[in-house]
Amino acid sequence: MLAKGPKEIEFALPLRGLHNGTAYHGIPKGFTQSVNNFLPCDSLNRFRIGKRPGLSKFWSYQFGGGAKFIQHMSVAVGQQASAGTSATYIIIVAGGRTYRQVASSGSVVRIDAVDDSQVFQAGRKVAGFTLYNRTYLTDGIVKFYINHTDATFTSWTATAGTFPISNSEFPRQIVAWRGRAVLTQLDKGLGSLIFFSAQADPPSDFLYGATATPIIAVATNSNFRAGQLGQGIITALIPVNEDRLVVSTDHGLYEFVGDPADGGSFLPIEESVGILSDTAWCSVGDALYFVGTGGFYRSRRGQPCVNLSREAWM
């Protein structure tokens, strides 16, 4: 007798909408007869699938008055000032200003300043990650971190070496992986470079010329190179877990194997498919789903990418 357990079932979303013009067995691919409140795409041709609005707001806070473009939103778990206690925070950047909400109480406060000045450039995307009880944020023009212990907002500077910079701009995409800050998208001319900070608290050591050790700061163009990706422009950094960092270029998908400063290297996953942007993906378990070159894909470690949308549009 076979043991019962979870079973994965694949099905194509009816992205072409409702079709009542034929018998059930004759419905063209991509359509369905059994659907309610369905909207395949909105007026800007973005996939929506459903159109029912939210029934209630999570909170009613207005970020600075008037409509504000949300430039960043993330969830952070940080240690509070009182010893032994932690809290979950929601970090929001809107209209160039930074706010922090305590999830348990629902209270939202502006954390970057008390005046009406903007810290980040309004309308410009802000990237961020949380590591060592701090949330690091940058829009490529300025960079700061929030210390969740004392709720301070401080400029993020290098503690050793030099913070990656080119033409007065900083990397626009940042993630945390294996206790390091990982930075890329410095500018169009250096779009294939990746910078790994040293494995240290805070992740602000960018001294590449020191003696090689397993925790040293490394980069793909430093004396201690963390592998090479060729000339492709990096579109996404995805820290799936502590053992797997997926890197996408505009035409390829790679996996970083090993530690950046201790023999790690890039292995190709798919050299003809790339992820469209750093927000065009999500991970579920060991699977990575993304919008890429030619469709919507699923990637699993050790397996080729599967185009899940191909049949839906044929």
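Reply: Strands here are DSSP runs of E with at least two residues, while helices are runs of H or I with at least four residues, both numbered from the N terminus. Two strands pair if DSSP finds at least two bridges between them. Within this pair, Y254 stands opposite P268 in β22.

Me: What kind of model is this, and how are residues numbered?

Reply: This is a predicted model, in which local features need pLDDT of at least 70 and side-chain atom pairs count only at pLDDT 80 or more, while totals for chains, interfaces and linings use all residues. Residues are numbered from 1 along each chain as its sequence is written, and side-chain values use heavy atoms, with hydrogens and water left out.

Me: Where is confidence lowest and where is it highest?

Reply: pLDDT is the predictor's confidence in each residue, from 0 to 100. The protein chain averages 80, and 78% of the residues score at least 70. Confidence is lowest in helix α1 (residues 310-313), with a mean of 60, and highest in strand β10 (residues 134-138), at 95.

Me: Which sheet does β21 belong to?

Reply: In general, strands of a sheet pair through backbone hydrogen bonds, either parallel or antiparallel. Here, β19-β20-β21-β22 is the order of an open sheet of four strands with antiparallel pairing. Its edge strands, β19 (234-241) and β22 (265-270), each pair on one side only.

Me: What is the order of the strands in the sheet that contains β5?

Reply: That open sheet has four strands in the order β5-β6-β7-β8, with antiparallel pairing. Because β5 (70-79) and β8 (108-110) stand at the edges with a single partner strand each, one side of each is left without a neighbour in the sheet. Three bridges join β7 (residues 97-102) to β8, and R100 has V109 in β8 as its bridge partner.

Me: Which residues does Q185 touch?

Reply: Contact means heavy atoms within 4.5 Å. Leaving out residues up to four places away in sequence, Q185 touches F170, P171, R172, Q173, L193, I234 and T235. The side chain of Q185 also reaches the backbone oxygen of I234 at 3.2 Å.

Notes
A polar contact is a pair of N or O atoms within 3.5 Å; within protein, one must be able to donate a hydrogen and the other to accept it, and residues adjacent in sequence count only if both atoms are side-chain atoms.
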